[in-house]
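Thanks, everyone. Let me put the next model on the screen, and then we go through it.

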Amino acid sequence: NTNPNDDDSDDDGLLDCEEINTHNTDPNNTDSDGDGLNDGDEINTQNTDPGDTDSDNDGLNDGDEVNTHNTDPSDSDSDDDGLTDGSEVNTHTTDPNNVDTDGDGCSDGSEVTIHNTLPTNVDTDGDGLEDCDEISSHNTNPNNADSDGDGLNDADEINTHTTNPNLADTDGDGLSDGAEVNVYSTDPNNTDTDGDSLTDGSEVNTHNTNPDDSDSDDDGCLD
């Protein structure tokens, strides 16, 4: 029973008759659905449903959205990044108010649903290149530190060796870029490092000569 001498028995900002006849809320309970927002605020301020704890069905109750996360309880994706507010908070630990939580240039939604990268880590594979740079600029795999599998990580290829991180043998001499740098100390951008007219690969794989020495046997003749 409501108070016949008080037109708003629960002091929630809604008239008792409105609660009963229009909103189907409890005129004796300031927060009919128990979501942490009073019925009047839900109707008059938040545009949420006072009879539904999660008006936008995003996995966060309306009160938590307003009081804790500062998200819009009537919009399931407050920052429009392609992830619901609930999944950002409960699953991905991303900021539901920031389209690009880690600031790598790719939206949280695209990282999760398209690229399978971590939206909270600018460099998912730890190769020294930011995820979005790998995707947009270098066409490398942001989930693989060594996209071409040549033994050099993508960032080293780009920033140190100026080799192609998508091509295992940049100069096409028959030796992988990693082998040239880490094993033979040859130039991965030059098919014939020592200038003896034999490719580095043929010296190593066929002639058993030194690709860094134009006269491997010191006989006075080029290999």
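Buried residues make up 39% of the 223 residues in the protein chain. Buried here means under 20% relative accessible area, exposed means over 50%, and partly exposed is in between, with a 1.4 Å probe and protein chains only. Before going on, the ground rules. This is a predicted model, so local features need pLDDT of at least 70 and side-chain atom pairs count only at pLDDT 80 or more, while totals for chains, interfaces and linings use all residues. Residues are numbered from 1 along each chain as its sequence is written, and side-chain values use heavy atoms, with hydrogens and water left out.

Now the overall form. The C-alpha trace of the protein chain spans about 115 × 20 × 20 Å along its principal axes. The radius of gyration of the protein chain is 32 Å, whereas a compact globule of 223 residues would have one near 17 Å. That radius is taken over C-alpha atoms, and the globule rule is 2.2 Å times the number of residues to the power 0.38.

The accessible surface of the protein chain comes to about 10900 Å². Carbon and sulfur atoms account for 39% of that surface. Areas are from the Shrake-Rupley method with a 1.4 Å probe, and for residues only the protein chains shown count as cover.

Secondary structure next. The protein chain has 9 helices and 0 strands. Helices (H or I, at least four residues) and strands (E, at least two) are DSSP runs, numbered from the N terminus. Along the sequence, the pattern reads α-α-α-α-α-α-α-α-α.

Then contacts, meaning heavy atoms within 4.5 Å. Take the contacts in the protein chain between residues at least 6 apart in sequence: 27% of them join residues at least 24 apart.

On to the disulfide. How many does a search of the whole structure find? It finds 1. The criterion is a pair of cysteine sulfur atoms within 2.5 Å. Cys 106 and Cys 132 form the link, with their sulfur atoms 2.2 Å apart. The pair joins distant parts of the chain, 26 residues apart. Cys 106 sits in the loop between helix H4 (85-92) and helix H5 (108-115), and Cys 132 sits in helix H6 (residues 131-138). The link of Cys 106 and Cys 132 is right-handed, with 90° about the S-S bond. Are these cysteines buried or exposed? Cys 106 is buried at 6% relative accessible area. Cys 132 is buried as well, at 9%. Cys 17, by contrast, is partly exposed, at 43%.

Stay with H6. Its buried residues are Asp 131, Cys 132 and Glu 134. They lie on the same side of H6, because they cover an arc of only 165° around the axis. The arc is that of the directions from the helix axis to the C-beta atoms. Ser 136 and Ser 137 are exposed on the other side of H6. What covers the buried residues of H6? The cover includes H5 and helix H7 (154-161).

Look at Glu 134 in H6. Glu 134 has a relative accessible area of 0%, so it counts as buried. Setting aside neighbours within four places in sequence, its contacts include Asp 123, Asp 125, Asp 127 and Asp 154. Leu 129 and Pro 142 are also among them.

H4 has its own buried set: Asp 85, Gly 86, Ser 87 and Glu 88. Their cover includes helix H3 (62-69) and H5.

Now backbone angles. Most residues other than glycine have a negative phi. Which residue just after H4 takes a positive phi? Thr 93, at about 50°. Thr 93 lies in the loop between H4 and H5, and it counts as exposed at 58% relative accessibility. Just after H6, Asn 139 takes a positive phi of about 60°. Ser 185 is not a glycine either, yet has a positive phi of about 55°. Its place is the loop between helix H8 (177-184) and helix H9 (200-207). Ser 185 is exposed, at 55%.

Last stop, Ala 179 in helix H8. Ala 179 is buried, with a relative accessible area of 18%. Not counting residues up to four places away in sequence, Ala 179 touches Asp 150 and Tyr 184. The C-alpha atoms of Ala 179 and Asp 169 are separated by 9.3 Å, with the two residues 10 apart along the chain.
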